[in-house]
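Open the model in your viewer and switch to cartoon. This tour goes stop by stop: select, look, move on.

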Amino acid sequence: MKQLLIIGIGAGNPEYITIQAVKALNRADVVFLMDKGSDKVKLNDLRRDICERYIEHGNYRIVEALNPERRREAADYRRAVDDLNAQKQQTFERLIAEELADGECGAFLVWGDPSLYDSTIRIVDAIIEQGRHDIAYEVIPGITSVQALTARHRVPLNSIGQSVEITTGRRVAKGLTGDAESVVVMLDAENSWQTLVDQDLNIYWGAYLGTPDEILIAGRLKDVADQIQRERSAARQRHGWIMDTYLLKRRD
C-alpha cells in the first residue's frame with residue numbers, strides 16, 4: 001500500500017505551518033510539487049523553503065510536475081473545472097505510479113487548507129475509486145487565507161449572532177442574495193466588489209497574504225473600491241499573478 005498526505009501549508013507565511021503539518025512532512029519519502037509556470041515560481045520556492053525548514057531527515061526527494069491550467073475562455077465554467085481536474089487526476093496518477101514505491105509515503109502541499117477551495121481531496125478520492133492503486137491517505141488542515149486575512153486586519157470574521165457566507169466573485173457579480181452579515185469572497189478575477197459600491201459595506205481586502213509582497217486595504221467599500229482595483233492591477237502586472245481575497249461586512 002502507498003500512503004499519501006494532503007498537507008495544508010497555510011496562506012504564504014512559513015510560520016503558518018502547524019505542528020501537525022511538521023510531523024506529517026517528516027513522514028514523507030516524496031514531496032510532490034505542482035509547477036504552475038515561471039510566473040508563479042515563488043509558490044514552489046516557498047514550498048521548498050518549508051521542506052528545508054521543517055523536514056529533519058535528508059532522505060526525502062522532491063518531484064515536480066507541470067500543473068494543468070484551466071481554460072479561462074471557456075463559457076461553461078463548471079465544465080472547464082471538471083476538465084481541469086480530470087487532467088490533474090492523470091498527472092497525480094502518473095506521479096503515484098512512477099515516483100512512489102509500495103510502502104512509501106508521498107505528500108502534496110496544498111495552499112491554505114485542503115478542504116477550502118481546493119480539489120486535491122476530490123482528485124485523490126477519484127483515483128482510489130478507479131481501483132488502479134492501493135492508496136491510503138490523510139488530510140492535515142492548514143491556516144486558510146480567510147484566517148490570515150482577518151488576523152492581519154484584526155477583525156472578527158462573524159458579527160455576534162449572525163451568519164457567515166463564503167462565496168466566489170462570480171456569485172458576487174450577481175448580487176448579495178443572502179442575509180449573511182459577513183461575506184468572504186474568493187476567486188474574484190473580475191473585481192466584482194465594484195458591483196456593490198452602492199451598498200453600505202465595509203471591505204477588508206488582502207493579497208499575497210503572509211508573504212513579503214502582502215498588500216492590505218480596508219475601509220468603506222465605496223471609498224476604497226477604486227484604490228483596491230488600482231493596487232490589484234499594478235500588483236498583478238508586477239508579479240504576473242495574484243492571490244487575493246476579501247471580507248465584506250454590512251455596516252451598522
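Which strands does helix α3 lie across, and at what angle does the helix run to β3? Select residues 77–99 to find out: α3 lies across β1, β2, β3, β4 and β5, and runs at about 150° to β3. Keep in mind throughout that this model is predicted.

**The whole chain**

Zoom out. The protein has 7 helices and 10 strands. Its C-alpha atoms fill a box of roughly 60 × 40 × 40 Å along the principal axes. The radius of gyration is 19 Å; a compact globule of 252 residues would have a value near 18 Å, so the two agree.

**The parallel sheet**

Five of them form an open sheet, ordered β3-β2-β4-β1-β5, with parallel pairing. The edges are β3 and β5 (135–140); each has a single partner strand, so one side of each lacks a neighbour in the sheet. From one strand to the next, the twist averages 25°.

Select residues 2–8 and 105–110. These are β1 and β4, which run parallel and are joined by 6 bridges. Click Q3: its bridge partner in β4 is C105. Next, show α2, which packs on this sheet and touches β2 (30–35), β3 and β4. The direction of α2 makes about 165° with that of β2.

**A salt bridge**

Show the side chains of R48 and E64. They meet in a salt bridge, at 2.0 Å from N to O. R48 sits in helix α2 (residues 41–54) and E64 in strand β3 (residues 61–66), so this pair ties together parts 16 residues apart in sequence. Side chains of opposite charge can pair when their charged atoms come close. The count for the model is 11 salt bridges.

**The mixed sheet**

Move on to the other set of strands. How is the pairing in the sheet β6-β7-β10-β8-β9 described? It is mixed, and the 5 strands form an open sheet in that order. At the edges stand β6 (164–168) and β9 (215–220), each with a single partner strand, so one side of each is left without a neighbour in the sheet. Neighbouring strands here are turned by 15° against each other on average, direction ignored.

Pick β8 and β10 (residues 244–250). They pair in the antiparallel sense over 7 bridges. Click W205, then Y246 in β10: they are bridge partners. Then show helix α7 (residues 221–239), which packs on the sheet and touches β8, β9 and β10. The direction of α7 makes about 165° with that of β9.

**A surface patch**

Select Y77, Y117, V164, I166 and L187. Together they form a nonpolar patch on the surface, with about 420 Å² of accessible area. Where is L187 found? Look in the loop between β7 (182–186) and β8 (201–207).

Key: Residues numbered from 1 in each chain as written. Predicted model: local features only at pLDDT ≥ 70, side-chain atom pairs only at ≥ 80, totals over all residues. Heavy atoms only, no water. Patch = residues over 30% accessible without salt bridge, like charges linked within 9 Å, V, L, I, M, F, W, Y side chains within 5 Å. Areas by Shrake-Rupley, 256 points an atom, 1.4 Å probe, with all protein chains shown as cover. Salt bridge = Lys/Arg side-chain N within 4 Å of Asp/Glu carboxyl O. Helix = DSSP H or I, 4+ residues; strand = E, 2+ residues; numbered from the N terminus. Pairing = 2+ DSSP bridges. Axes fitted to C-alpha atoms, helices over the stretch in contact; angles between N-to-C directions. Contact = heavy atoms within 4.5 Å. Rg over C-alpha atoms; globule rule 2.2 N^0.38 Å.
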